[in-house]
Amino acid sequence: MMELQADSGVQEEQSIFPVANRKYKDTIFRMLFSDKKNLLSLYNALNGKNYSDCDQLEIVTLENAIYMSMKNDLAFILDLALFLWEHQSTYNPNIPLRDLMYIAKEYEKYIKEKGISLYSNRQQKIPAPQFIVFYNGNRKIGERMEHRLSDAYETSNGEPALELKVLVININEGYNQKLMESCQILKEYAQYVSKVRTYKKTLSLNEAVEKAVEECIREGILREFLLVNKAEVVAMSIFEYDREWEEEILRKEEFEAGREAERKNTEKQRLNAEKEHRRAESEKIRADNAEKELLLLKEKLALMQGK
């Protein structure tokens, strides 16, 4: 960051690292794997393939002006399949619904570009979709899990007419070791993220990111990538972890709001139960009194009949 000296009028460089900038919308993950070489390496590692020709990948990520409202992280076509990959640093079970919207736009784009007629009397072919989320948030999950669109349905009657399955892969350091060993760039990315989070426990966010970047460069972790893109990587990281912190606070607030609502609901139920108990007791007392009055009347009637 450059700062003006008021007394000398001379610009003095205070730090080569920017402070948190909320204008950054990209992520380090997306920046890394937008590179076809890295993307193909991760694809091979996931699918047990050995492709080496990056030109076999057709990048179809939604990111131009027409589709900006539906921007996804990474999308590409390979092996007659359409892959939609997302990166998440916070847990989000709504990704199947988002992916449903993404894939609709992807197919709309594909059909227009290929000149496919949906009114043809011949079956038109489209690439089969696959949905993956690469997750490295703080919430503890297993190595892999699956989200389904049908989990969001308010009612469930047998097999859903519309289903969409999203595979969630945990890419935090220490998870999915076989995948990490098969894709060096993913392994190094996980190491970088781990360093930032470790240093963030005792340092400010800016200091944690700066220290992690410098240490990774010294240790050869993402070295070339960081040397070329240092300033941008730092700014992205600061924004990403700052946003992650905000989302954690939001989730905590939502949790507390939920607890408060639950407490109020419990209190309401308790008051209603007490009210119902008092009503029942009152009804019982009235019934007992009525029964006593009836017995007295019967006794009086018996005495009168005895005379």
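## Basis of the model

This is a predicted model, in which local features need pLDDT of at least 70 and side-chain atom pairs count only at pLDDT 80 or more, while totals for chains, interfaces and linings use all residues. Residues are numbered from 1 along each chain as its sequence is written, and side-chain values use heavy atoms, with hydrogens and water left out.

The protein chain holds seven helices and eight strands, where helices (H or I, at least four residues) and strands (E, at least two) are DSSP runs numbered from the N terminus. Of its 307 residues, 35% are buried, a term that means under 20% relative accessible area, with exposed over 50% and partly exposed in between (1.4 Å probe, protein chains only). Among contacts (heavy atoms within 4.5 Å) between residues at least 6 apart in sequence, 60% join residues at least 24 apart.

## Helix H3

Helix H3 covers residues 95–114, and its end C-alpha atoms are 28 Å apart, in agreement with the 28 Å that its 20 residues should span at 1.5 Å a residue; the expected span is 1.5 Å times one less than the number of residues. The buried residues of H3 are Ile-95, Pro-96, Asp-99, Tyr-102, Ile-103, Glu-106, Tyr-107, Lys-109, Tyr-110 and Ile-111. An α-helix has 3.6 residues a turn, so residues three or four places apart point the same way. The buried residues of H3 pack against strands E4 (74–78), E5 (81–88), E6 (128–135), E7 (144–148) and E8 (165–170).

Leu-97 is partly exposed, with a relative accessible area of 46%. Leu-97 and Glu-163 are 66 residues apart in sequence, and their C-alpha atoms are 10.0 Å apart in space. Just after H3, Gly-115 takes a positive phi of about 65 degrees.

Two strands are taken to pair if DSSP finds at least two bridges between them.

E5 and E6 pair in the parallel sense over eight bridges, and His-87 stands opposite Phe-134 in E6. Phe-134 also has a bridge partner in E8, namely Ile-169, and E6 and E8 run parallel, joined by four bridges. E7 and E8, by contrast, run antiparallel with five bridges between them, and His-147 stands opposite Val-166 in E8.

A search of the whole structure finds one cavity of 30 Å³ or more. On a 1 Å grid over the protein atoms alone, a cavity is a set of points where a 1.4 Å probe fits but cannot get out, and lining residues have an atom within 4 Å of a point. The largest cavity holds about 50 Å³ of space, the volume being that filled by probe spheres set on the points, which are joined across faces, edges and corners.

The lining consists of Glu-58, Val-60, Ile-77, Leu-82, Glu-106, Lys-109, Tyr-110 and Glu-113, and H3 gives the most to it, with four residues. These lining residues divide into four nonpolar, no polar and four charged, where Ala, Val, Leu, Ile, Met, Phe, Trp, Tyr, Cys and Pro count as nonpolar, Asp, Glu, Lys and Arg as charged, and the others, Gly among them, as polar.

How values were computed. On a 1 Å grid over the protein atoms alone, a cavity is a set of points where a 1.4 Å probe fits but cannot get out, and a pocket is an open set with protein on both sides within 12 Å along at least five of seven lines; lining residues have an atom within 4 Å of a point.
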